[in-house]
Amino acid sequence: MRNPFKYFKTSPEIIRLAVMMYIRFPLSLRNVEDLLHERGIDITHETVRFWWNRFGPLFAKSIRKRRVENRFYSNWAWHLDEVFVKINGELHYLWRAVDHEGEVLEAYVTKTRNRKAALKFLRKAMKRYGRPEVVVTDKLPSYRSALRELGNSSRQETGRWLNNRAENSHQPLRRREKTMTRFRSMRSLQKFAAVQSSVLNHFNLERHFYRREEFKENRTQALAAWRQLAA
């Protein structure tokens, strides 16, 4: 693999830190610039923007590849949901598939919320992760129609509170949307949603399941793995 940092004067460690801070936390580009300045790293917010656009998708791809190869996801139950996102005053829809442990499997942006859009989203997710045992959705008819065409209609479940896991997975993006004062294009939304999902999966430590000592160990391992991305 070609070294992606080859022609950069800044060390890979600083680039990874800047990208992680911007994607993982609801910080603006200038917030990241100020936080790095406190650590003695003098860069501009435009440099942070360039780094995240250049290396964010690369890091996300590496994380997804490792998770698929090691099966760090579950096909027991998928939770599907869509959220409204305004881009230049026009409504778009961000579809998201989440497994029963809260890992985001797929994030996909469309202009419509019909059967065709749902079918394309499901096919994309199933191509990478296979078919789930149970599909939990809201009562949007597009899901039932798309699942019927895929032969999975008997696995669909709907309920008032069954899909809270998928709805909660939209919260980090909503916080980011507020910080960025909304997205400017469908392409930028798709790119950020895909990268953010992978990064949050990597740092999903489920601290409420572990004792403090185990949580600290898991956090250290996650940071160590992050520092080796694209190495």
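**Fold and strand pairing in the predicted model**

From the N terminus on, the elements of the protein follow the order α-α-α-β-β-β-α-β-α-β-α-α-α-α, with 9 helices and 5 strands in the protein, where helices (H or I, at least four residues) and strands (E, at least two) are DSSP runs numbered from the N terminus. The model is predicted, and local features need pLDDT of at least 70, side-chain atom pairs count only at pLDDT 80 or more, and totals for chains, interfaces and linings use all residues. Residues are numbered from 1 along each chain as its sequence is written, and side-chain values use heavy atoms, with hydrogens and water left out.

The C-alpha trace of the protein spans about 55 × 45 × 35 Å along its principal axes. Of the 231 residues, 45% count as buried, a term that denotes under 20% relative accessible area (1.4 Å probe, protein chains only).

Strand β2 (residues 90-99) is largely enclosed by the rest of the structure, because 8 of its 10 residues are buried. Two strands are taken to pair if DSSP finds at least two bridges between them. Strand β1 (residues 77-87) pairs with β2 in the antiparallel sense over 10 bridges, and leucine 80 has alanine 97 in β2 as its bridge partner. The hairpin formed by β1 and β2 has 2 residues between the strands, and asparagine 88 in the turn has a positive phi of about 55 degrees.

Strand β2 is also joined to strand β3 (residues 104-110) by 6 bridges, and these strands run antiparallel, with arginine 96 opposite alanine 107 in β3. In the hairpin of β2 and β3, 4 residues lie between the strands, and glycine 102 takes a positive phi near 95 degrees.

Key:
Buried < 20%, exposed > 50% of the residue type's maximum accessible area, 1.4 Å probe, protein only.
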